[in-house]
Structure formats: C-alpha cells, structure tokens
Amino acid sequence: MSTIEDLKTAVINGRRKDVKTLVPELLESGIEPSALLSQALIPAMGVVGERFKNNEIFVPEMLVSARAMKEAMNVLEPKLLEAGIRPEHTALIGTVEGDLHDIGKNLVATMWKGAGFDVIDLGVNVPAARFIEAIEEHKPHIVGLSALLTTTMPAMRDTVAAIREAGHTSVKLLVGGAPITQSYANEIGADGYSRDAASAVDAAKEALGV
Amino acid sequence: MKYKTLAISDPAKLIYGVAPNPIETRHGMRIGGGLIYPELNFTLPDINIRKEAMPEIARHYKQIVTEALERAAELEAPGVMLEFETLPPMTEHPALGMEIVNILLEGIERAHGKYGLKATLRCTPNDNREFIRPPVMRSGRYWDAMLELFDQSAAAGAEFLSIESVGGKELHDDALVNGDLRAVLFSLCVMGVRDMNFIWEHIVAIAAKHGVHAAGDTACGFGNTAMVLAERKMIPRVFAAVVRAVTAVRSLVAYECGAVGPGKDCGYENPILKAITGCPMSMEGKTAACAHLSPMGNLAAATADLWSNESVQNIKLLGGMAPTCYMEQLIYDCRLMNTAAAEGEASALKMRDWLVKSDAGLDPQAMIITPESSVAIANAIVASPSHYAAGIAAARAAVKILRETSEAGCLRIDAREAGWLDRMEDELDDMPDTEDAFIEEMMEEVDLEKFTPADYGLPTTASA
C-alpha cells in the first residue's frame, strides 16, 4: 500500500506519472487532501528547494519536481477549495515598469508555490497602479518586486512608495534583482530583500514572521 | 545558407586585430586591419528616463564623451569606438535617443579637432518589440520607432548600426531554465533565424541609404542569459556552452543579409562568426567585469578586433568617472596586445595563446570559443544545408569538443554535469530530419500565447 512518504519521494524525484497515480490512491485510502499537501507536497518542495540552494541540483531538475507538484495540485486544489481550505499565504509578484526581465521573477514564483503560497504573477513591465489594483483585488500578504536594470530601480522605489501612499501599509514588500541590495531595500522602505531565487522562501517567511 | 566555406579555416590565423575583411572609418581607424582598438560602452546611474530628466541625462552623456575621449587622447589611443546602446525610452521616443546621439557625435568631432583622436560611434537601439506580450515583431509603434532611430542616427553620422535583437526570446528563457535543447534549437534556429532575416534586411537598407555600416547583432539575450544562469549555478555550464555554439547560427544571419562587422561586443559567439565571415568582431571579457562575470575574461580577447567593457554606469570612482576609468583599462589591454603584435606574428600568436590557455581548461563556455573550437564549429555550420541543420551540427560539434577535451584532461567539467552531455546527445539524435517536420512537432508543444507564429512566417498549428 502506498504512503504519503511515497508521494513525497515521487515529487522530489519529479516522477509525474507516479504522482498521477499516487494522489487518487492515497485520497481513496482516506487521507485528507490537506494532509497530502502539508505532509507530502510542501515538504517535498522544501527538500528540492534546499538542494537547489545548496547547489546540489540545477533549475531544470527543480522544475521537474515543481511540475510533479502541479500534477498533484490539479487534483487536490478543487477538493481543498471545496473544503474551504485556502493557502495560508497569498503572494503577488511582478517585474517593475520599464523592465522586461522575468527569469528570476518566475523562479521566485515557483519557489513560493512550492512553499504552499497562492501566487499571482502580474508579469513584467508592471506599472505601480497595476500592483495597487491587484493588491486591492487579491489582498496578498506579500508582494515581490523585481528589477534587473539600474535604470528601472527608480520604478521599484516609486512602486513601493505608491503602494504605501495608497494605504497598503501592512502588506509585506519584498524586493530583488541583480542591482538590488539590502541597503537599497532599506532605503526605499521594503520589508525584505532576497539576493536570489533560492533564498526567496526564507526571505518571505522572515518578512511574514513565520 | 550563404557561407559555404570559411574565411579563416586555419585556427592559427584566427587572431586578434586582424580580419580578412577590415573596415575603415571616416577618421581613419582600420578595424581588423592589424590593431585591436578599445570600444567603450556606458549607461546611466539610477535615473528615471523621461523627458523632464533629459537635461540631467544629457549632462551625463556629455561628461562621459568629453572625459573618456580626453583620457583616450592622453593615453595616445590609436583609435576608439564608442557604443551608444539606448535605454528603452530612448528608442521608444527617437527624439530622446537622437539628443544623445548628437551629443556623442559632437564629442567625437571635438576630440578629433582638439587632439586628432580617431573615434567613431556605434549606435545600438535596443529592441523594444518585446514590451508588448506577445511581442509584435514586424509592425507597430515599437518597430517603427526603432527603424526611425536607426535612420536618424545613421543620417546624423553614427558610422555603425547594431542591435541586440530579441526574435525567438519568447520561448528561449523557458527553454534555458528547463534545460530543453530542442526548444533552444526552435527558438534560435527557427524563430530567431526568421526574425534576423526580417530585421537585418531593414538595417542593411538603412545603412546603405546613409553610407554607413550595418555592423552586426548578438545573441546576448540567449547565449549570455545562459552563461549568466550557468555562472549562478542555475543551469549546467556544459548546457550553456552548447547553447553558445547554437547562437552562432542565429547571429550569422546578420552577415548573410549584408552586415559587415564589427560584430557586437557581447556576442561571445563572435569568434565562430569571424572564422565564417572574415568580418572584424568586438568582444568583451575581463574588462567587462563591471557588467557581469565572464568565465573567459582573457580568452575573449584572443580573436577580438575591438575590446569592450560591455557597460558601466556613469558613477564616480577614485580615478575619475567610471567610463573614463574603463576607457583607460581598455586602452592598456589593447596597448599590450598591439605591442605583442608589432613584434611579429610569432609574438602575436604567443600572446593569443596565453590568453586562450589561461581560461580554456577551466570552463566549458571558454573551451567552446578557443580558435580551434571556433573553427570546428564554424566548419560544422557552413557544411550544413540549412540553418536548422546548422544548429544541430553546431550543437553536436560543441558536445564533441566538450567530451573530447574533458576526456583528454584538458577541460574540467563538474561531476554533476557529466550526464548532461549524454542527455544533449540523445536529444540531438532524436531531432527530426527536416525543419518542416520539426516545426510541425514543435507547434504542438509550444505555448502559442507567448508568441505570434505569423510574425515568424510559421503556421499557427501543426496542421495549418
């Protein structure tokens, strides 16, 4: 008989086909969807994230695991919603206005999803007004802002200021990107800074105090 | 495929400062004619680029050109290329870009009059087409504004026109992070090649109209993205190195359309292109550390005709403003190499070989662009009947080079990367025989929301 541990291992190893058969089997055996999420999928992606952070695996290998998790979530998500269970944390993410770089931003989104966050990706070249509109619509706990160019750093500063000026003082703002530093994050009033995608989950948890 | 043979088939002849097809500038620089010259690139510190900020922005560029060229004159540089790579609003609003072009051209003429300095300008409008998602590649305001800036800058006196074009990038970033060589080949050799043909036909026409040079493109957004991801340990270095070999097929199209060089600095595939076309090339390496890490800081100079710093912000350093300091560094790099070359072919080759040997064994990306590897990959490309076949052939040649040099103990490959050579070889073995068959397969797999097939002359579905 299959176990939660088997599902966790299948996700770690990126075995989508196994995940596809294991999830219904485990649900049929009476295990709650929330247990599969909290005891198999999120811990599995935690292991994968840790391996990536320690340079034991590459991004393509991490993404294979992320796709395996997604396979499971396709089945679990409707059941979780039906049971009124929503992700504990909602996150918005986007690259600031004038900047088209999205590899880093996409990887952070993947890492956050792996940690069980509900992630809404606003894409690239996102004006401050769009961030504010999305904050009002989705009421996120955390917002990730990315910039890769020195010339779009001012747009990051302006976006942080605009979000605060619009009265969204409790949402945690996390910034990152090649030219961004902790001191710049402090200077513009962000709540957190992540130097790379691998550290983004830790940085988000620290900002959220969890 | 226009090129059937190599302009430089002997690796010993693939060397810095000398290209079979040199280019002469108005003030008498002969690029590829025996000397390697500095090419200075620069950008702004964190300023919001908008019309109201233009006086401050103009002050920055005036300071850059004045002080950097003064330093070049003090150090008796035999010639200098300046590259103005625009920032997005400067291409979107050509009047903003042209204000800077004119400042730089005035600075070049001032330095020529005052010091007799030979300097010239490369204008590189950035490719804004991807600001719309999915990008509109062949029409629209971004396309029109880009062509307008090319046209106006050439009319004003910019002698060289370049671009970092983005055709194919819609799928390439995902291909990289997924380690998907098939998708890399589709992005570069199917989409990229088609877009390059389209865009370079226009650039070459503009250059001809104004009597200036269509210089060259770069697969920066492809090969350098892979290189940087590899340096950050996100993707395997061997994968990034193979991607680099494939980028040469895409960048080659500019020359097939009539570009004459010098190829753009950030195209680390340029040694392969120099072997094929005989056109002079710009390169960047150790003196571009201000912009990004490169695993071939010395080696990149080995076959260069212009030596660049990639880009540096106009900020104050102890020795002066950063572009001025980088001008000085580039001049000293070039002076040493030119001194070696002045002592004769044997000295130049010794210098080149030191540059090559100091990097080649330490990184797969470096090994791919040694003179020997460049000629081998170039040969694989010109022997191919199509760009699709050339992409596969370049990738195969690169895998073979990495495997053989590693097995011979000449290249260090990280243990966890070794399996990727087999994985890539398997993918190449599974490639369809024809491009049509490949396109049909890929159109079933790719995300059609990310690009517009018609902009690439591709069917919207496999059966269409």
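With which residue does Glu425(B) form a salt bridge? The partner is Arg403(B), and the closest N and O atoms lie 2.8 Å apart. A salt bridge here is a side-chain nitrogen of Lys or Arg within 4 Å of a carboxyl oxygen of Asp or Glu. The pair links distant parts of the chain: Glu425(B) sits in helix 15 (residues 418-429) and Arg403(B) in helix 14 (residues 387-407) of chain B, 22 residues apart. Helices are DSSP runs (H or I, at least four residues), numbered from the N terminus. Glu425(B) is partly exposed, at 28% relative accessible area. Buried means under 20%, exposed over 50% and partly exposed in between (1.4 Å probe, protein chains only).

This is a predicted model, in which local features need pLDDT of at least 70, side-chain atom pairs count only at pLDDT 80 or more, and totals for chains, interfaces and linings use all residues. Side-chain values use heavy atoms, with hydrogens and water left out.

Over all chains, the search of the whole structure finds 40 salt bridges. Among them, Asp363(B) meets Arg237(B) at 2.6 Å, N to O. This pair also links distant parts of the chain, 126 residues apart. Asp363(B) lies in the loop between helix 11 (345-360) and helix 12 (364-368), Arg237(B) in helix 8 (residues 237-256). Asp363(B) is buried at 1%; Arg237(B) is partly exposed at 25%.

Glu74(B) and Arg71(B) form a salt bridge at 3.8 Å, N to O. About one helical turn separates them, because they are three residues apart in helix 1 (residues 54-74) of chain B. Glu74(B) is exposed at 52%, whereas Arg71(B) is buried at 17%.

A network of salt bridges links Glu83(B), Glu85(B), Glu164(B), Lys264(B) and Asp265(B).

Terms used
Residues numbered from 1 in each chain as written. Chains lettered and ligands numbered in written order. Helix = DSSP H or I, 4+ residues; strand = E, 2+ residues; numbered from the N terminus.
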